[in-house]
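Student: Can we walk through this one together? Start with whatever I need to read the labels.

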Amino acid sequence: MSTLEVVRLSKRYGERTAVDDLSFTARQGDIIGLLGPNGAGKTTTIRLLTTILRPSGGSFAVAGISGDHPAQIRQRIGVLPESAGYPGRQTGRDYLRYAARLFGRDRRDAGAAADRLLAEVGLGERAGSRISTYSRGMRQRLGIARALINEPVVVFLDEPTLGLDPAGQREILATVELIAQQRGATVVLSTHTLTEVEQICNTVLILDHGRLRAAGSVADVLTAAGTTSLGDAFLSLTGENRP
Ligand SMILES: Nc1ncnc2c1ncn2[C@@H]1O[C@H](COP(=O)(O)OP(=O)(O)OP(=O)(O)O)[C@@H](O)[C@H]1O
């Protein structure tokens, strides 16, 4: 069964169509790279699929549950938003424990879940430190741990490596691969970094002006665009190869 099924989804803001007739499906363990120039509709797509926004048209389902049931969808997804804020005075462990309690776990269970997740994202040794002392990369990994607290079927990560140095980027990508391989979750990853997509995504979606310009494996997209690099494919499919 598909974990995520999107059928002719659209979102309009007045005259502007931010997402236009978007359809795709995903399965367990897929890492989907959501690409597109600024304003292409990536964040709007993530907001629709995480039930923050209501679609203007079309439909979607997570693990067979219709997007018409946002409360049920939210039980089955995890999200790292574009710019997540964190309570700097809390420790990473306290922050995750609280998140686990919000999902109904008892005190002991919440503590165990927090420690397990902190270890999973490589923050075990800093579990007891205040978040204000974390680097940007560490905060992003904490945000990913937060997104996993309810054992989600689909995890949405909006530009998780933005502003990170190469080592920080690599740590995030390794974490994302673990989420897909060991948990079998589907990961939807929005990014502007094409090398990341080439490294870890088994599916690429290229959006432009809200429309899907290409979908498939990196090899499929190269073939469709008649190019040998994902960068060239991106530029030719999105009309961004202007001088
Ligand atoms: N609340 C809003 N009201 C009106 N228009 C909006 C709103 N949010 C987004 N848009 C418009 O919808 C389009 C898609 O925006 P979106 O933020 O989804 O793009 P994006 O691909 O995530 O861009 P970026 O790479 O810059 O983050 C843009 O034209 C944007 O101006």
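Tutor: Labels first, then. Helices (H or I, at least four residues) and strands (E, at least two) are DSSP runs, numbered from the N terminus. Residues are numbered from 1 along each chain as its sequence is written. This is a predicted model: local features need pLDDT of at least 70, side-chain atom pairs count only at pLDDT 80 or more, and totals for chains, interfaces and linings use all residues.

Student: What mean pLDDT does the chain have?

Tutor: The mean is 92, and 98% of the residues reach 70 or more. pLDDT is the predictor's confidence in each residue, from 0 to 100. For the complex, the predictor gives an ipTM of 0.96 and a pTM of 0.93.

Student: Where is Glu151?

Tutor: Glu151 sits in the loop between H5 and S7. Its phi is positive, about 50°, although Glu151 is not a glycine.

Student: Is Glu151 buried or exposed?

Tutor: Glu151 is exposed, because 12 other C-beta atoms lie within 10 Å. The cut-offs: buried is 20 or more other C-beta atoms within 10 Å of the residue's own, exposed is 12 or fewer, partly exposed is in between, with C-beta atoms placed from the backbone.

Student: And which loop holds Glu159?

Tutor: The loop between S7 and H6. Glu159 also has a positive phi, about 45°, and is not a glycine. Glu159 is buried, as 20 other C-beta atoms lie within 10 Å.

Student: Back to H5. How many of its residues are buried?

Tutor: Nine of its twelve. Among them are Gln140, Arg141, Leu142 and Ile144. H5 covers residues 136–147 and reaches 17 Å from first C-alpha to last, close to the 16 Å expected. That expected span is 1.5 Å times one less than the number of residues.

Student: What do those buried residues pack against?

Tutor: Strands S6 and S7, plus helices H3, H4 and H6. Contact here means C-beta atoms, placed from the backbone, within 7 Å.

Student: New topic. Which residues surround the ligand?

Tutor: Tyr13, Arg16, Ala18, Gly36, Asn38, Gly39, Ala40, Gly41, Lys42, Thr43 and Thr44. Strand S2 (16–26) and helix H1 (42–49) each give two or more residues. H1 gives the most, with three. To count as near, a residue's C-beta atom, placed from the backbone, must lie within 6 Å of the molecule.

Student: How many of that shell are charged?

Tutor: Two are charged, six polar and three nonpolar. Asp, Glu, Lys and Arg count as charged; Ala, Val, Leu, Ile, Met, Phe, Trp, Tyr, Cys and Pro as nonpolar; the others, Gly among them, as polar.

How values were computed. Two residues are in contact if their C-beta atoms, placed from the backbone, lie within 7 Å.
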